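Have a go at each task before reading its solution.

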Amino acid sequence: MTATTPPTEPVEDWTTDYDIFDADYVTDPTPIWKDLRSGCPMARTDRRGIRSWLPTKYDDVQALAKIVPELSSKDPLVVTLPTDMGIDNSSGLSAPPISADPPEQVWTRRMILPAFAPRAVESHRQFTQDLCNRLIDGFIDSGECDGAVDYAQQIPPRVIAHMLGFDPEKADDFTTWVRGALELGLFDPVIRVKYRDIIQTFLIDEVRSRWENPRDDYLSELLALDVPEMKGREVQVVVGIANLLLIAGIDTTWSSIGSALFHMGTHPEDRRRLAADDTLFPTALEEMLRFYSPVTMARMAQEDVPFGDIVIKSGEKVLMNFPGANHDEDAFEDADKVLIDRTRNRHIAFGSGIHRCAGSNLARLEMDVALRTWFARIPEFEVSDPGGVTWAGGQVRGPRRLPVSF
Ligand code: HEM
């Protein structure tokens, strides 16, 4: 397995110089978290021109997520930004509610929640299932595929395009743009700004055309909502929200579906159990979310924030290490083992506190349909070349190449 990360200086001391882009961390961060938890549960680094903190305990991550707005989600909420490139360095993620603090966070979140309620997302099940079947039709006869590229990656952009009322033909572009803005662009502001601008231009066109000629679709509904705070700047607000839904919904869910296929393709016992007993899907899915949690976010201190025996100084960052929290032995028995029938599983893969994932019901639906459809048609499979698996890390961790045979 290899990590698709930019070259970084080797880490000598994880407690004072951690690096979530280190190849070992991207490939398997669990031993690093375990060591940190036992000696220095709040690691720090001064890499990339800014001090940032990495909590590794479940209770600490939960507590930090509640320190709002002192630990702010306003830009930059991405995990790292190079600060020495001399160009516009903002993340470009003007994307409420995730990039906002209250009160803006509250009213923008309220605008989108109804569309993500359990019953509302159920209306996307058939579309998602047909899509998964079509994808499988495309490679099943060949006996092999790239589970990340040919399957997992194809699902979320098409579901989001369907939900937002965009041309389904643009789904591949969405993936390229989001990867550019979030994955490749994390280290390269030129790439980040390029894709940020492409996304913004596309969304401004789409939203403006609906503002002028409302359609029977979701973005038109958002524009028509009677929200006093949005009056007079409807297009701007809805562009920001659409930006978030595009960005938040694509490589997160792609990573989760890919990680689940990676796990089942490298753990034949779990795969056989799941294939033989479909009542295990709900617990297996939650365990995949816990064990392979893809998303790490960041906050920026707006003032000095005392926390335990440290002080997070104004201007410093804290990473919301939801993945690390989900491996804390004090919160989960056998935390570093995958138990697909784990029943007590209060993981925080979807975050914690006011920013908890608004799209979690849709993400779960996509994962559920993607895995059930795959298992119904391809119950026997394996990762054919474990050395050929690559992982993206940083903000969103997940397999990007996953050679599978069946
Ligand atoms: C397995 C897939 C996903 C995972 C693991 C995930 C994870 C997360 C996490 C950890 C947060 C909290 C961010 C923070 O604390 O700063 C978040 C927020 C959010 N997610 Fe997801 N997400 C997933 C899929 C989705 C999907 C499919 C959508 C919708 C299309 C979505 C929409 C959102 C939104 C709107 C927020 C912001 C909520 C707020 O700030 O109030 N997510 N997500």
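**Exercise 1.** Find how helices α6 and α16 are oriented to each other.

*Solution.* Start with the axes: those of α6 (residues 125-139) and α16 come within 9 Å and cross at roughly 40°. Axes here are lines fitted to C-alpha atoms, for helices over the stretch in contact, with angles from 0 to 180 degrees between N-to-C directions. Helices are DSSP runs of H or I with at least four residues, and strands are E runs of at least two, numbered from the N terminus. Angles under 35 degrees count as roughly parallel, over 145 as roughly antiparallel, 65 to 115 as roughly perpendicular and the rest as oblique. Therefore α6 and α16 are oblique to each other.

This model is predicted: local features need pLDDT of at least 70, side-chain atom pairs count only at pLDDT 80 or more, and totals for chains, interfaces and linings use all residues. Residues are numbered from 1 along each chain as its sequence is written.

**Exercise 2.** Work out the strand order of the open five-stranded sheet and its edges.

*Solution.* The order is β2-β3-β9-β6-β4, with mixed pairing; two strands pair if DSSP finds at least two bridges between them. β2 (42-45) and β4 (71-72) stand at the edges with a single partner strand each, so one side of each lacks a neighbour in the sheet. Inside the order, β3 (residues 52-55) and β9 (residues 317-320) run parallel, joined by two bridges. Ser52 stands opposite Lys317 in β9.

**Exercise 3.** Which helix gives the most to the shell around the ligand?

*Solution.* α4 (104-112), α12 (234-266) and α16 (360-377) each supply at least two residues. α12 gives the most, with seven.
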